[in-house]
Structures are given as C-alpha cells and as structure tokens.
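Hi there,

Here is the structure I promised to pass along. Have a look at it first, and then read on for my notes on its charged residues.

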Amino acid sequence: MEPHATTLRAVHLLVMALTVIASDDFDWTKTDKGAFYFGTFPAGFSWGAGSSAYQTEGAWDKDGKGMSIWDAFAHKRGKIFFNDTGDSSCEGYYKVKDDIALMKDMKLNHYRFSISWPRILPNGVRSHHINEKGIQYYDDLINELLENRITPIVTLYHWDLPQVLEEKYGGWQNVSMVSYFNDFANLCFERFGNRVKYWITFNNPWSAAVEGYETGEHAPGLKLRGSGAYKAAHHMIKAHAKVWHTYDTQWRNKQKGLIGISLLADWGEPVDITNQKDIEAAERYVQFSLGWFATPLFNGDYPQVMKDYIGRKSAQQGMGASRLPTFTPQEKSYIRGTCDFLGVGHFTTRYVTQKNFPSNRGSSYFTDRDLAELVDPRWPDPGSEWLYSVPWGFRRLLNFVKSQYGNPMIYVTENGVSEKTTCTELCDDWRMQYFREYINEMLKAIKDGVDVKGYTAWSLLDKFEWDEGFSERFGLYYVDFRSKDKPRYPKASVDYYKRIISSNGFPNQREVENWKRRATETCSSSNQLLAADPLTSHMEMVTEIVVPTVCTLCILLSAIFLMFLLRGRL
C-alpha cells in the first residue's frame, strides 16, 4: 500500500470511530407518526429505479453465459411457484435501448442493476475463462446509460453465484468464495470502473444467507439449520471487506468511486413501548437483520446481542463453541470502516414482542432471536403476503441507522410494493399511495438530519420474483410475460413517480393532490384486465373481495377443473 493510501485509510478509520462514538442512542419511546409533510428534497438528490440480472435479463444460456445457482434451482420442479423460471424473464438482455428509453422518459437520475457473475466468468474463476460477450453486454448497458445522463449504480452480487462454485466448493459455506468473489469484483473494476462510480458488493445478504442456507426457500436450497446462514454471512462479510480493500488500494485514486453494500431491513416496533422486554425484543429483531451485517462493517464485530443470544443457546445445546463464527482481532480491524455508503432496502414493518424458544427444540436463526412478529390487521396488504404498508416504520428505520452508525451516507436501494395477481391493474392506485407515503417519510427523516442522498424505486419492470415466480409484480412497468417479445406497459405509478421526480418532492398540497388524478387518466379501464390469466387470477387476487358474477364463477370452475387435470399429469 502506498504511503498516502495508508494515511487516507487512517483518517477514514478515525472519522468512522469518531462518528460511531458520537452517535446517540435511539429513542424507542418516541413515536412521531405525524401528518403529511409538504416540502422538497435537497438539491442534487438522486432519483432512480432498480433491477437485478437474474430477475430481468433472461438469455440464461446465451452468448457463453455459465449456469448460476438460480438457474439450477429454478429448473428443479416444485421449487418455484407454478414452476416458473428466469430463463427468459423480461428479455432485458436484448432490450437495453428500449428500457433505457423508459428510464429517460421518467427522468431518472440513476439506474441500479447487477452484473451476473457467471455471464462474465462462466465457471466463476477468472483464470479459467473471461466471457467477452458478457463483458460487451455490460459495456453497452453502461455506455447507453451514460449517453442518456443516467448514473449506473452497479451491484456485484445479487444472488446468482456460479453453479460450478456451489457444486465444487459448497458456495458461501466455503471461505474460498472470498477470493473468488474478489477476483470477479477486481475484473469488474478493471473493465467498467472508469465509468462506474457507485459499487454495491452484496444485495441483501440476509436473504442470500438465511433463505439460501437456512430455510432452503432460495438457491442453492440448503437447510443447514442453526449454522448455515451464520457461516454464509460470515464469508460474505469477509468478501465485502476484501473487495473494499482491493478497490481502496488499487483503484480508488484512479477511478474516484465509492464502495457500499445494500442491506434489506424491515423495521421492528415494540408492541408496547412502555415494556422494556418488548423494546429489547424489537431491537434484537433489527440487530439480527440489519445489525448482523452493518455492525461489523462500521464497528468491526457482530452486535453484542447476537453474540450473547447465539452463544448462550449454543452452550445450552452442548456445543463447545457458538454457532455464530468469530472474527480474529486482525479481521475486526480489517473489516471495520469498509463502507463508503450504506444502501438501505426497506419494504415493511412488524410489531415485535418477547417470546422464549427453549434451546432443546433445536437450533435455528429464527428461534435464536427469542421474539414473535405481529402485524396490525388494519395495515394495507395489497401484494406479497409479507408486505404490509407501514410508512412510518421507514422514518424510524432511517433514524435508527443515523443513531447506530454515526449518520452514514445512505442511498435507499430498494423500496416499493407488489400486487399479487396476474390479472393486473395498470391503474395501480395502491402503488401510488405507497410511494407517496414512504417517500414522504424519507423526506421527514432527511428533515430529522438523516443523510439520505438518493432513492431507488423497486422496481423498474415486473420481473421474476424468486420463489414466487411471476405471481407477484413490483414493476412500475407491466411486462406481458406471455408474449415472446415481453412488451412493457406503463402503470399509473410511472406518471406519479415522474411528477415526484420533476418536483423533487412534494411542493404543495394542491399540486400533489392533482398528481394521482392525472396519473390515473393515463390508464384506462380497457387495459386493467391486460394479460388476465383465469388459472391464477382467482387464486391471487388479495386486494379486494368482490361479488362473483356468472362469468367469474365459470372461470373459477374452469380453473379448478384445469388444476385437477394438471395435477393428474404431474
């Protein structure tokens, strides 16, 4: 390391230490839910939308791309709803210019996407083979974005590990992934870093660890209860730190970019804010998700509450050491301070209360926390079964990050809402309402002093939604997956989000109240039933209860009959 780089590193760590020391304790009893706030965001605030490679690109085996763990997982029958796959998805691989035209029309400042590791390194290993056609695809995407004055924010790992590395080494259960991931990242810095200035190492490592290696709901589908998630996360944290140091020592002076991570965090609110046990349970909920990854990167080690709870339960289960791995003093120093900005993904909130899980019932990440999650039945739930609209939780979460980690630079990297219906509404009033309220809570957080620099609506397009396949839609643009060309159609929320961007917030009540009416005029009743699928529409419509017509009953009976026929063939 060059002398000036060593000095910069020392200054960086000193600033990190001072900000963490200066951070205030979060006030769990303060519940200011407040009225709607009319105002605008700071000048230069960045507005964007996001996607990921496996969810949108398609072309799963084209132009030399290798297989990912999600390719392998989705091809196993019974793993994905309706046995959907991301083989073609939105065909984004072939529609770069078309999709960027949509972004330009929305006046987006940035676009967040991920690079498919096996698309540029088919076997996962740089020394084996670099797929130049994959490199060219991302070159074209980045160049087209920049030509349209849209800043690329690039995620290096959005869950699509090369399948070869999973089969040969056990994927993130093996510490060798740290070096392989660093080689992949270094190649990306070498080929794209002269144009990309915002890098995200991992997207939502919580899901990759817990759902990939604990519950088995996601690729690679392993159920290593009580240990697999902790081990995978441990290696991901080390991999993040190694990539940060690689960029810091080899590329930062030339490329002037930033390295961050995107952590998904639901907010946990105490059921009873006067009950200390509930407050402690709510904090545990947040520390076992957000803190699991953020605390090592800012402070050098896991949250004390995780070490205490997992260590105690491991001992009670007769284990000689905690199921939560430990960092050496050298590793703590190496990991601490490796976050130039914090990406925050947020969708929903839970009420949390204390609940004891006896250690003799077996070990799992979920029982290690000793808590129960609850929802208020009055909360709107227009889409995914886990996603309730609770806007005030967003402001609470952002203020928690401010107090815990010394007010770091934040980019909101995911925020949005789904509809769980194939018979989609292009007039998505619930999404407009969600954006209105959540973005306003973010504005209030900025008013509170939280350093939020940008917002990424999730997502630009409807896309493959992991184990839910195509049964859930998060997109601003509707995608007709039944058509080979995968055409895009704007939902009303496109126009609504455009108006928020153009106004840089919510200038005044009269103007904001007109936005929804104007946006709704852009969609008509004639296309509300676009792509109606009688086999799934009756099963997935959860936003409202309607009185069935004769036609509806016919469709329902036909669908049930068809399901029996399909089951008979399986």
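Below is what turned up, going from salt bridges to a surface patch and one further glutamate.

Please keep in mind as you read that this is a predicted model.

Salt bridges

The structure has 36 salt bridges in total.

Take Arg369 and Glu373, whose side chains form a salt bridge with an N to O distance of 3.0 Å. Arg369 has a relative accessible area of 6%, so it is buried, since buried means under 20%. Glu373 comes out at 36% and therefore counts as partly exposed, the class that lies between buried and exposed.

The pair Lys463 and Glu465 is another case: their side chains meet at 2.7 Å, N to O. Are these two residues, Lys463 and Glu465, buried or exposed? Both of them are buried.

Then there is Asp480 with Arg482, joined by a salt bridge at 3.7 Å, again N to O. Asp480 is buried because its relative accessible area is 10%, while Arg482, at 60%, counts as exposed; the cut-off for exposed is over 50%.

A positive patch

On the surface, Lys76, Lys79, Lys223 and Arg225 come together as a patch of positive charge. Where does Lys79 lie? Lys79 belongs to the loop that runs between helix H3 (69–74) and helix H4 (96–106). Its relative accessibility is 35%, which means that Lys79 counts as partly exposed.

A buried glutamate

Finally, do look at Glu441, which is part of helix H17 (residues 429–447). Why is Glu441 classed as buried? Its relative accessible area is 6%, and the class takes in residues under 20%, so Glu441 belongs there. Which residues does Glu441 touch, leaving aside neighbours within four places in sequence? The contacts of Glu441 are Lys33, Pro391, Trp392, Phe394 and Arg395. Two of these, Lys33 and Arg395, are of the kinds that count as positive.

I hope you enjoy looking through it.

Best wishes

Terms used:
Residues are numbered from 1 along each chain as its sequence is written. This is a predicted model: local features need pLDDT of at least 70, side-chain atom pairs count only at pLDDT 80 or more; totals for chains, interfaces and linings use all residues. Side-chain values use heavy atoms; hydrogens and water are left out. Patches are made of residues with over 30% relative accessible area and no salt bridge: like charges are joined within 9 Å, nonpolar side chains (Val, Leu, Ile, Met, Phe, Trp, Tyr) within 5 Å. Accessible areas come from the Shrake-Rupley method with a 1.4 Å probe; for residues, only the protein chains shown count as cover. A salt bridge is a side-chain nitrogen of Lys or Arg within 4 Å of a carboxyl oxygen of Asp or Glu. The place of a charge is taken as NZ of Lys, CZ of Arg, CG of Asp or CD of Glu. Helices (H or I, at least four residues) and strands (E, at least two) are DSSP runs, numbered from the N terminus. Buried means under 20% relative accessible area, exposed over 50%, partly exposed in between (1.4 Å probe, protein chains only). Contact means heavy atoms within 4.5 Å.
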